Amino acid sequence: MRELDTSGFSCPEPVIMTKKALKDSPEGLVVIVDNRASKENVTRYATALGYKVDTEEGKGSWKLRILK
Amino acid sequence: MEEVRLTQLVRSSGCNAKLPPGDLHNALDNLTQRRCESLIEGFESSDDALVYDLGDNRVLIETVDFFPPMVDDPEVFGEIAAANSISDIYAMGGEPEIAMSLMCFPSCLDISVMRCIMQGAIRKTEEAGVVIAGGHTLSDREPKFGLAVTGFACKNEVWTNKGAREGDAVILTKKLGVGIQMTAHKAGETGAEEAIMQMRTLNKKAKEAAGGLSIHAATDVTGFSLMGHSYEVASASDVTIEIEFSSLRYLDKTEEFARFGFVPEGRYTNEDYLSDKIALPDNLTLSQRDMLFTPETSGGLLLFMSPLDADEYLKRVDSAYAIGKVKEKGEKPVVVRM
């Protein structure tokens, strides 16, 4: 599955990046975020589009699996 | 000249750039200073400005506020920053008169941009009857601008966070949702025209319309969100403030933008600090929570007055509306009802 690393970016940039990436990969995506606001906001965006989001917490970052 | 996009130069913008309230308290609580007898409101209180007793029933009110741009047009940014800075004087019931500017300016920008920011600020200060007397400018990677504003009032007419009474009506004078709207704007989802127009609007009329009425407490709604500023009043006044969610007026599509994750970072740090101080209804959606805790920029006045005075005030100010009432102090300082 395609992986998108948004580390170093602050909101709303990770949401914009996720929006673009999901247009190219509508079947799903793994998004790496490195702050809580991005984790929450990317999750909200994907959920609003009807995706399921599985969250895996790492050291100072989260891996969001966005799935149909 | 190359087109300037001020918002692309900054990490956070407007009142969302404020440090989280919890961090501020950790850093600053219990610092001690020499007492100043003439200082009626100072470091210890959470009011919008200092109040200094000049004698003869006159007080000086002083505040400072500055932030990074939330719009690309430098003149509009100047207007918004000035309106936001001056608002703290209105929130204390004062008449603003003089100001000093604070400017952080990146070397990558054409110097004419600075002039545009100042032109916007002067347009707004003139509308408020304020003169900018000078200022200070720094070179910085991110642009920032604001004013230190001085105003005056009669000592017995100053509005503070203290003094909200059981039975008071709670009135708000602008719509909510600016923080969410401007996050969506930065993402290219909306022109945010209404939010920008509202941020540029001085709280001058909202303050002056209270003439002859008895305002028991007041503040303005900015970076700490409606919840945070309500909490400050409830805490200082030793009461509980009950807010009806259904009565809150939000800028168009705010809830939809929140649902799609256009939520500023400050929303999360605000809730971290406030979660144990506020009772929320069980059926509040996640987006509605976002809307309550999101920072506002250049928001409206939050006024506390008797229901009779509130009726009169609402007749005088078209944009104002009642959002709740003050109750006897209960378990939580702020209670939100659907």
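Helix H7 of chain B is largely enclosed by the rest of the structure, because 11 of its 13 residues are buried (a residue being buried if 20 or more other C-beta atoms lie within 10 Å of its own, exposed if 12 or fewer, and partly exposed in between, with C-beta atoms placed from the backbone). The structure is a predicted model, in which local features need pLDDT of at least 70 and side-chain atom pairs count only at pLDDT 80 or more, whereas totals for chains, interfaces and linings use all residues. Residues are numbered from 1 along each chain as its sequence is written, while chains are lettered from A and ligands numbered from 1 in the order in which they are written. Helices (H or I, at least four residues) and strands (E, at least two) are DSSP runs, numbered from the N terminus.

The buried set of H7(B) comprises B:Ser225, B:Leu226, B:Met227, B:Gly228, B:His229, B:Ser230, B:Tyr231, B:Glu232, B:Val233, B:Ala234 and B:Ser237. The helix covers residues 225-237, and its end C-alpha atoms are 18 Å apart, which agrees with the 18 Å that its 13 residues should span at 1.5 Å a residue (the expected span being 1.5 Å times one less than the number of residues). Directly after H7(B) comes B:Asp238, whose phi is positive, near 60°.

A helix pair in chain B is formed by H4 (residues 178-186) and H5 (residues 193-200), whose axes come within 9 Å and cross at roughly 130° (axes are lines fitted to C-alpha atoms, for helices over the stretch in contact, and angles run from 0 to 180 degrees between N-to-C directions). H4(B) is therefore oblique to H5(B), given that angles under 35 degrees count as roughly parallel, over 145 as roughly antiparallel, 65 to 115 as roughly perpendicular and the rest as oblique. Contributions to this contact come from B:Val178, B:Gln181 and B:Met182 on H4(B) and from B:Ala195, B:Gln198 and B:Met199 on H5(B), two residues being in contact if their C-beta atoms, placed from the backbone, lie within 7 Å. Sorted by class, the contact of H4(B) with H5(B) holds four nonpolar, two polar and no charged residues (Ala, Val, Leu, Ile, Met, Phe, Trp, Tyr, Cys and Pro count as nonpolar, Asp, Glu, Lys and Arg as charged, and the others, Gly among them, as polar). The loop between H4 and H5 of chain B contains B:Ala192, a residue other than glycine with a positive phi, near 55°. B:Ala192 is buried, with 25 other C-beta atoms within 10 Å.

Elsewhere in chain A, a cis peptide bond with omega of about 10° joins A:Cys11 and A:Pro12, and A:Pro12 is placed in the loop between strand E1 (3-5) and H1 of chain A. A:Leu29, in strand E2 (residues 28-33) of chain A, is buried, with 21 other C-beta atoms within 10 Å. Leaving aside neighbours within four places in sequence, A:Leu29 is in contact with A:Met1, A:Arg2, A:Leu4, A:Ala21, A:Leu22 and A:Ile66.

Among the loops of chain B, the one between strand E2 (50-55) and strand E3 (58-67) holds B:Asn57, which has a positive phi of about 60° although it is not a glycine. B:Asn57 is exposed, with 11 other C-beta atoms within 10 Å. In contrast, B:Asp48, located in the loop between strand E1 (39-41) and E2 of chain B, is buried, with 26 other C-beta atoms within 10 Å. Apart from neighbours within four places in sequence, the contacts of B:Asp48 are B:Thr63, B:Asp88, B:Ala91, B:Met92, B:Thr219 and B:Asp220.

In the segment before helix H1 (21-28) of chain B, B:Pro20 counts as partly exposed, with 17 C-beta neighbours inside 10 Å. Although B:Pro20 and B:Gly266 are 246 residues apart in sequence, their C-alpha atoms are 7.0 Å apart in space. With neighbours within four places in sequence set aside, B:Pro20 is in contact with B:Thr269 and B:Tyr273.
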